[in-house]
Amino acid sequence: MISQLSWKIGGQQGEGVESTDRIFSTALNRLGYYLYGYRHFSSRIKGGHTNNKIRISTNPIRAISDDLDILVAFDQESIDLNSHELRPGGVVVADAKFNPTLPEGVNAKLFAVPITAIAEELGTSLMKNMVASGASWALLGLPVDVFNKAVEEEFGRKGPAIVEKNIEAVKRGSEFVLEQAGGPLDEFKLEPADGKQKLFMIGNEAIALGSIAAGCRLMSAYPITPASEIMEYLIKKLPKFGGTVVQTEDEIAAVTMAIGANYAGVRTMTASAGPGLSLMMEAIGLAGMTETPLVIVNTQRGGPSTGLPTKQEQSDLNAMVYGTHGEIPKIVISPASIEDCFYDTIEAFNLSEEYQVPVIIMTDLQLSLGKQSCGTLNLGEIPIKRGKLVRELPELEDNQYFKRYEFTEDGVSPRVLPGDKSGIHHVTGVEHDEVGRPSENAVNRQKMMDKRLNKLNGMTIRDAVRTDAPHNDADLLIIGMGSTGGTIDEARSRLDADGLRTNHITIRQIHPFPTSIVQAELEKAKKVVILENNATGQLASQVKLYAGNADKIESVLKYDGNPFLPSEVYKACKELI
Amino acid sequence: MATFKEFRNNVKPNWCPGCGDFSVQASIQRAAANVGLEPERLAVISGIGCSGRISGYINAYGLHGIHGRALPIAQGVKLANRELTVIASGGDGDGFAIGMGHTVHAIRRNLDITYIVMDNQIYGLTKGQTSPRSAEGFKTKSTPEGSIESTLSPLEIAMSAGATFVAQSFSSDLKQLTALIEAGLNHKGFSLINVFSPCVTFNKVNTYDWFKENIVNLDQFPDYDPSNRIAAMNKIMETNGMLTGLIYQNTVRKSYEDLVVGFEEQGLANQDIQMSQEQFDKLLTEFK
C-alpha cells in the first residue's frame, strides 16, 4: 500500500476538466486524505490544453509532486504534453475515440476506455468526464458510494434524473476499466486515510473567509485573474452580513471606493493582480497621506504588462514595497499557507486601522488558486481591533476643531467617523496641519512626514518570519516566501536523507522588513539561498539591503510561469552546498 | 435645525476674486440648511482643481481626494453609511476628462449622491489649458491655434448613461442653483448638477456676460416636463447644451442602495461587525 499518489486530468478548456477535478477531490477529502491541487490553464475560455493535478496523501502535503501516477486524458495532446511526468508503471486512462498512443519511451499502462461512446450512449457527450473519472476512481479501489455522493452534490441542483445519469456514467466507466485491468490496481492501493474531513479550499477563498471574519462588509473590485474568486465568494456571502460587492469600472474606482468606505467606517477591501495594482498606485498614496485604513489583496501572476496572466510568479514585490510616488508608511504581508491567508487577512484589517495605513496582502497564483487541505480555522484567534477609532466624541469648545492629525507619541491620531457631531474635520491628500487643513508650512511639513513615516517603527506581524531552523551549523539556510514553502520543505527532507542539514525561513512580513530576525539567521548561516519566482531576485534585494550578508547569499530564480518542483529545489540546493 | 451659517467654517477660499465657485459654495450651504441637514450628517467629497478645494470651505465632513476620483470615493462613503448625505464635487476637467469613466458609471450605478460640477470650460489651477468643455477653436496655452477637438456634452452623456436627475445652472443665478441643489439632495438617486462657473482669470470668452446672453432658462417654460426623457434630450440638443434648470428627473427608478440585496436602512458603518461562531461554522461546512 502507498501513502501518496498524484492524479492528473487533461483536456481542452471547457471540456469538464474543472468539474471532474472538483468531484474527484471532494470525494477524496471526504475520505480524509490530504490534498494539494495545481491548475494549469490558459487565458482563454474554450479550447487550449488545460490540466488539473491533485496530489493525494495520508499525511499533510504542501507542494506539487515531481511525477505523476495516473493521467486521465481526453485527447492525445494531453498525453503528449503530460506523459513525461508519469513514473515508470504509471497509468493512462484515455478516450478510445482518438486511438490513444503513448509517446516513445514512456513506460506506462494505457487503458483506452470508450469514454465518449459510453457518454453518448447515455444521452450526451457532456458526461464523458464522469465516465473518465469513474474509471480512474475504480482503478484506485476506493469506495464508490463516497464518489457518488460527490457527484450527487455537483449535479443535485439539476434534478434527480441528471444525477442518476451521471452516476450511471461513473458506473459504466468503472465497469469497463475494471474488466480491462482485472480489478483495482494493487500498486495504487492507498493506505486508508484518517476519515476526518479537512477543510479544503483555495487561498482566495481563505482570504475571502478571513475578510468576513475580520468584519469586512464591502468589497469594490474589478475582475482579474487570479483574484476574481475573492469577489465571487464575497458577492455570495456578504449580503448575508448586510454588505455587498461592487464591481467597479476599473481598479482605480475599486481602490478609491474602498478608501471612501474605509474613511466612512466600514472595513472594505479590494483585490487585484499586477495590472490592477499598477492602476491603484496613486490612490495608495492618498490612503497613506490621509492615514485612511485600506486593505488590498494582490494575487501575483506573471508580469510585466499582461505577461503570463494564468501563470505563477512573484514579481510584484518591488511594486508593492515601493509603489506610489512620494513616501508613505505601508505594510506588505505575505501569507505562506491557506491558514495564513485566513489569519493574515484578519490581521491586515486590524493593522490597517491600528496604524491607519494601507496594507497589501500579497499572494501568488499558486497560493491563490491551488486547492489544498487546510488545518482548523478559529474564528476568535485574532480578535477584531480597531485602533484609535473613537465613537461619540465629547463636545468641543467653541471655535475648536477636531484634530484628526494630532501629533501623538506613536504618531497615530484619533480617528472619528462622519456622522459624529464633534468630530467634523477635513481630509486631504495635500499636506495638512493637525486639523486637516492644507498647509505648506515647512516645520509642519517635516513634522507630519515624520509622524506618518514613524508610525510603523517596531511594527511586527504575528509570525513575521516563520523559522524552521533545527540545525546549529546547517550547511544551508533556505529563504522563501509565498507558496514555495512546502516545496522547499520537501526538497529539504531529500537533502536530509543525503546527510545535508538545512534550515528554512519564510519571510512573511515583506515591508517594513523584519531586519533583526532575518539578520540573526543570516549571521548564523554558512551559506544562504533565496528562492523566488521572478527574474531579478526581488526578495534577495530586500534581504541584502536590510540584513546585509550579501556575500553569503545566492539566488535561485524561476520565472518560466511554473512553480518550483521539489526536485528542482533539491538539485539547486545540492549544487550550492 | 442647522442654519446655513452653521455650514460655514473660518477658512478663506483661495479662489480668485470674482470666481464663480464662491456662489456654488454659498448655494450648497444654503441648500443643505434648507433641506434640514446637520453639518455632521453631510460629507462633501471633492476632486483636484480650483473647485476641488470646496470640501475644505464647508463646515461638514470633507474629503479632498485625488484628481478625477471624487465620485468613486463619494460612492464608497455612501455605501459605507447610507445615513449620510453625500455631495461629490469638482471641475469639468476632474469630472469630464480624467474622471469621465467614473462619471458615466456613477450615473449608471445611481447611488443616492449629488454631483455638482463647477464647469468653467478651462483648466484653472494649472493656469489655462484646454478642457473637454472648451469650445472648438478656443485658444489656450495648450491649444495656441485653437482647440481642434469637439466639445463634450456632459448632459447628453448623462442622459444616454441612464441618469435619473440632470440639471444645469449658472453660478450667478443663486436662487435657481440653490433650488436645484435642494432638488438634487432630495432626489433618491444620482443627481448631476452641472454649473457654469466662470473662470475670471483664464477664460476671457465664456464670461458672466457671455453666459447671460447665451443661456436658455427652462424656468421660463412652464410647460416643460422634466419627466420626459425624449423632450429633455431634444431640449439639450436644441440649445446646444446652453440651458439651465431641471432638465430631467426620473423618480421611478430606485437608487442602488435600495436595489442591493440584503442592504439595510441602517448604515453599514453603524452595524456590528463581529460574526457569530454559528455563522462561521456554517461558512466552513461548504469547504468540507
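Q: In what order do the seven strands of the open, mixed sheet of chain A stand?
A: The model is predicted, with local features needing pLDDT of at least 70 and side-chain atom pairs 80 or more, while totals for chains, interfaces and linings use all residues. Residues count from 1 along each chain as written, chains are lettered from A and ligands numbered from 1 in written order, and side-chain values use heavy atoms, without hydrogens or water. Strands (E, at least two residues) and helices (H or I, at least four) are DSSP runs numbered from the N terminus, and strands pair if DSSP finds at least two bridges between them. The order in chain A is S9-S8-S10-S11-S13-S12-S21.

Q: Which strands are the edge strands of this sheet in chain A?
A: An edge strand pairs on one side only. Within the sheet, the twist from one strand to the next averages 25°. The two edges in chain A are S9 (244-247) and S21 (509-511).

Q: Which residue of S9(A) stands opposite A:Leu218?
A: Strand S8 of chain A covers residues 218-221 and pairs with S9(A) in the parallel sense, over four bridges. In S9(A), the residue facing A:Leu218 is A:Thr244.

Q: What angle does the direction of helix H8 of chain A make with that of S9(A)?
A: Helix H8 (residues 228-237) of chain A packs on the sheet and touches S8, S9, S10 (268-272) and S11 (294-300), contact meaning heavy atoms within 4.5 Å. Axes are lines fitted to C-alpha atoms, for helices over the stretch in contact, with angles from 0 to 180 degrees between N-to-C directions. The angle between H8(A) and S9(A) is about 135°.

Q: What is the omega of the cis peptide bond between A:Gly303 and A:Pro304?
A: Most peptide bonds are trans. A:Pro304 sits in the loop between S11 and H11 of chain A. The cis bond that joins A:Gly303 to A:Pro304 has an omega of about -10°.

Q: What is the phi of B:Gln121?
A: B:Gln121 is in the loop between S4 (114-119) and S5 (122-123) of chain B. Although B:Gln121 is not a glycine, its phi is positive, at about 60°.
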